[in-house]
Amino acid sequence: MAGCPATANDTDEHILNPQQCHVKHVRGKGRGVFASRAIPARTIIEVSPVLLFAKDEYNAHGRHTLLDHYAFNWRDGRMALPLGLGSLFNHSEYPNVSYSIDTTRDCIVYTSTRTIGPDEELCIFYGHNLWFNPVDVPNESGSTSVTAGSGQELDEWASLAGIQASLPDQGIPTALLAGNMDDDDAIDEDDLPFTWKRLSLDKEEEQINDIELVQAWVVDILDHKHIATMLRQVWLKRSGLETDALSHLKRIRRQGLTSTLLLCTSPHAPTLPGDTALGAPYQVSVPCNPALTQTSLHLKNTYWPTVFTPRRKWEPEKWTRGKLKWACNAIDVLKQECHKAATSDELPIVAFVPSPYANEDDLPQSVVAYDTRTSTCHPLRHAALNAIRKVADFRAAQPTPVRGDATQNQSGSQYLLTGLTLFTTHEPCIMCTMALLHSRMKEIFYMYAMPKTGGCGGVACVPALKGVNHRFTIAIWKNSYEEAGDTVVLPTLDPEIDA
Ligand SMILES: C[S@@+](CC[C@H](N)C(=O)[O-])C[C@H]1O[C@@H](n2cnc3c(N)ncnc32)[C@H](O)[C@@H]1O
């Protein structure tokens, strides 16, 4: 790499590739790759062909040279030196670029994991056994500076030899490959590479005693000519009674000649306008939820006319091709990181919280976390718990809190993972599942079920328990065990272990 003309001058900027990246000098790191313009998430930034060295040849010669700072472990034991920009991505604890190996073309593909701003440095994650003191500047603001042994907990895993190359992309869903498709196109449920877990609690209230009710204020409308005014909701809006809380109910109930107007659920009777002929407000029981089935609709209508929404509560929003790409990328990260973990003494359990697909501002940096209970001799250092902690630490370190104000952050609200998705190699144990519920996680994907210890349907399904104050969507990645290829199956885990 030292002779590469594009990078020979550390201070000059050169437009180097189709994504218009350039190389410039970064204090404490040497050269680094920078975006010359905004790069959208999931963009292929660079495809670097590699030079491959036989293991013996490399151990005899290459390992003792500067090459060792640039070489990747190839899957078959050879060492690979990426050409082009591939050798110049620096390391970050919060990488904005992931990479995968294409063994058919002998190259490494580098992809953005989130939107990258102009002049932001592009970094990959080398692993935890670094041979240098990292200067970690995840973005242009340069707010984070982590050096080994200062502030980093010693709970990381070790023994990576050089940069560990990742696995090739496997089993790309046909839905991603179809031509002429837009990222906004909806994907058929059958084409999704995962299945949702149906929470039994979500079965519809189809017995009269199962219907959840709430007390609401209503008023009889004595003079029918006022109904039109009421229905246009001018007065309701003005009086603050038009809220979403009762949007699953119809506003007017007609019984014989009597029309009754639904008002609100406040503890005290609302004040009504004096210029309309209305009776005194009174309370009735109304359903808390919309009707999901015809049977339930029929029963709920006996309390109050209810809206029919056949969409199941457990059914997440429709998936688009763009979101599917985002999820597949997250699973690739899990596979890469799991293989790295397997070369250490830690359990090969990995959790990954990517920047959310729809709203990157909720977590501008993706977070990877490992199970570190072995190295820390701490039984609670599970991957999912470490991930929650890492998100909280990241948010706490932000100059402007990502969510809420500074006071809220001090009170621990940075531990709330509302709207975020956790991808994990193994079904989280009961303890982690409970922690994820407390954190208000939006959805969880796991690759391997843990029937003896899992808390998302394995030995128990914590989110389906009565009394928990939050639920999240659970999805299981398909074909984790039967992936094509010979060396792709993830390292195994003792089924008795709580992941
Ligand atoms: C693959 S090279 C990356 C390109 C390198 N900066 C250069 O100028 O050639 C790996 C080397 O970059 C440096 N490096 C990478 N990430 C770094 C970081 N976060 N902090 C400090 N040095 C880093 C280390 O010297 C490491 O051996």
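How many of the 499 residues of the protein chain count as buried? The share is 37%, where a buried residue has 20 or more other C-beta atoms within 10 Å of its own, an exposed one has 12 or fewer, and a partly exposed one lies in between, with C-beta atoms placed from the backbone.

Residues are numbered from 1 along each chain as its sequence is written. This is a predicted model, in which local features need pLDDT of at least 70, side-chain atom pairs count only at pLDDT 80 or more, and totals for chains, interfaces and linings use all residues.

**Figure 1. The protein chain with its helices and strands.** The protein chain holds 10 helices and 20 strands. These are DSSP runs numbered from the N terminus: helices are H or I with at least four residues, and strands are E with at least two. Among contacts in the protein chain with a separation of 6 or more, 67% link residues 24 or more positions apart. Two residues are in contact if their C-beta atoms, placed from the backbone, lie within 7 Å.

**Figure 2. The shell around the ligand.** The ligand is surrounded by 16 residues, and the closest are Gly-30, Arg-31, His-69, Asn-90 and His-91. A residue is near a molecule or strand if its C-beta atom, placed from the backbone, lies within 6 Å of it. At least two residues of the shell come from each of β2 (30-35) and β6 (90-91). The most are given by β2, with three residues. By type, the shell has five nonpolar, eight polar and three charged residues. Ala, Val, Leu, Ile, Met, Phe, Trp, Tyr, Cys and Pro count as nonpolar, Asp, Glu, Lys and Arg as charged, and the others, Gly among them, as polar.

**Figure 3. The open sheet that contains β2 and β6.** Four strands make up this sheet, in the order β1-β2-β9-β6, and their pairing is mixed. At the edges stand β1 (21-26) and β6, each with a single partner strand, so one side of each has no neighbour in the sheet. Two strands pair if DSSP finds at least two bridges between them. Two bridges join β2 to β9 (residues 121-124) in the antiparallel sense. Across this pair, Phe-34 stands opposite Glu-121 in β9.

**Figure 4. The hairpin of β7 and β8.** Six bridges join these two strands, which run antiparallel. Asp-102 stands opposite Cys-107 in β8. Because five of its six residues are buried, β7 is largely enclosed by the rest of the structure. The hairpin has four residues between the strands. Asp-106 lies in the loop between β7 (97-102) and β8 (107-112). Although Asp-106 is not a glycine, its phi is positive, at about 50 degrees. Asp-106 is partly exposed, with 14 other C-beta atoms within 10 Å.

**Figure 5. Strand β14 and its partners β12 and β13.** Five bridges pair β12 (residues 213-221) with β14 (residues 258-264) in the antiparallel sense. The pairing of β13 (residues 252-255) with β14 is also antiparallel, over four bridges. Leu-261 in β14 is the bridge partner of Val-219, and Ile-252 also stands opposite Leu-261. In the hairpin of β13 and β14, two residues lie between the strands, and Gly-256 takes a positive phi near 60 degrees.

**Figure 6. A sheet of six strands with helix α6 packed on it.** The open sheet runs in the order β11-β20-β19-β18-β16-β17, with mixed pairing. Its edge strands are β11 (194-196) and β17 (367-370), each of which pairs on one side only. On average, neighbouring strands of this sheet are turned by 20 degrees against each other, direction ignored. Helix α6 (residues 321-342) packs on the sheet and touches β16 (350-353), β17, β18, β19 and β20 (473-477). The direction of α6 makes about 145 degrees with that of β16. Axes are lines fitted to C-alpha atoms, for helices over the stretch in contact, and angles run from 0 to 180 degrees between N-to-C directions.

**Figure 7. The parallel pair β18 and β19.** Five bridges join β18 (residues 421-426) to β19 (residues 443-448). Thr-424 stands opposite Tyr-446 in β19. Arg-440 is placed in the loop between α10 (430-438) and β19. Arg-440 has a positive phi of about 65 degrees although it is not a glycine. With 15 other C-beta atoms within 10 Å, Arg-440 is partly exposed.
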